[in-house]
Amino acid sequence: MTQTETADAVWSQIRTALEKLFPADLFAMWFEDLVCVDFKDDQLRLQTASEFNAIWVENNYMDVLLQQATAILGKPIKITLITVSDTA
């Protein structure tokens, strides 16, 4: 499995857990558009289209993201949110 496949698989599992945790409208608003950029050295990088979304998720849902990631992977990881402009 390549690094990209691994990153996508990890994010897919976390997304599925979040979908079960949150109402559909809330999930759609804050998590549906997040894209996994990479996962290496125990750091998951997620990309969002807007800085507002990145800040909102960071301030309001990062604890839940980290809890779900730890439950799935069996160890704590770091999650970083970036915007499209950060990758340009």
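Biologist: Why does Asp38 count as buried?

Modeller: Its relative accessibility is 16%. Buried means under 20% relative accessible area, exposed means over 50%, and partly exposed lies in between, computed with a 1.4 Å probe on protein chains only. Asp38 therefore counts as buried at 16%. The model is predicted, so local features need pLDDT of at least 70 and side-chain atom pairs count only at pLDDT 80 or more, while totals for chains, interfaces and linings use all residues. Residues are numbered from 1 along each chain as its sequence is written, and side-chain values use heavy atoms, with hydrogens and water left out.

Biologist: What makes the contact of Arg45 and Asp38 a salt bridge?

Modeller: The term requires a side-chain nitrogen of Lys or Arg within 4 Å of a carboxyl oxygen of Asp or Glu. For Arg45 and Asp38 the N to O distance is 3.4 Å, so the pair meets the rule. Arg45 has 27% relative accessibility and is therefore partly exposed.

Biologist: How many salt bridges does the whole structure hold, and what other pair is one of them?

Modeller: The search finds two. Asp42 and Lys75 also meet, at 2.9 Å, N to O. This pair links distant parts of the chain, 33 residues apart: Asp42 is in the loop between strand S1 (35-40) and strand S2 (43-48), and Lys75 in the loop between H3 and strand S3 (78-83). Helices (H or I, at least four residues) and strands (E, at least two) are DSSP runs, numbered from the N terminus. Asp42 at 32% is partly exposed, and Lys75 at 38% is partly exposed as well.

Biologist: Why is the pair of Trp30 and Phe52 called tilted?

Modeller: Rings of Phe, Tyr and Trp (its six-membered ring) pair if their centres lie within 6.5 Å; planes under 30 degrees apart are stacked, over 60 edge-to-face, and the rest tilted. The count by this rule is seven aromatic pairs. Trp30 and Phe52 have centres 6.0 Å apart and planes at 45 degrees, hence tilted. Trp30 lies in helix H2 (residues 24-30) and Phe52 in helix H3, so the pair ties together parts 22 residues apart in sequence.

Biologist: Is Phe52 buried or exposed?

Modeller: Phe52 is exposed, at 54%. Phe52 also pairs with Trp56, at 6.1 Å centre to centre and 25 degrees between the planes, and this pair is stacked. Phe52 and Trp56 lie in helix H3, four residues apart, about one turn of the helix. Trp56 is partly exposed at 33%, whereas Trp30 is buried at 10%.

Biologist: How do you know that S2 and S3 pair?

Modeller: Two strands pair if DSSP finds at least two bridges between them. Gln43 has Lys78 in S3 as its bridge partner. From S2 the chain passes through H3 to S3 in a β-α-β crossover that is right-handed. That word applies if, with the strands pointing away from the viewer, the path from the first strand over the helix to the second runs clockwise.

Biologist: Which residues does Ile72 touch beyond its neighbours within four places in sequence?

Modeller: Ile72, in helix H3 (residues 51-73), is in contact (heavy atoms within 4.5 Å) with Gln13, Ile14 and Ala17. Ile72 and Ile14 are 58 residues apart in sequence and 7.3 Å apart C-alpha to C-alpha. Ile72 has a relative accessible area of 28% and is therefore partly exposed.
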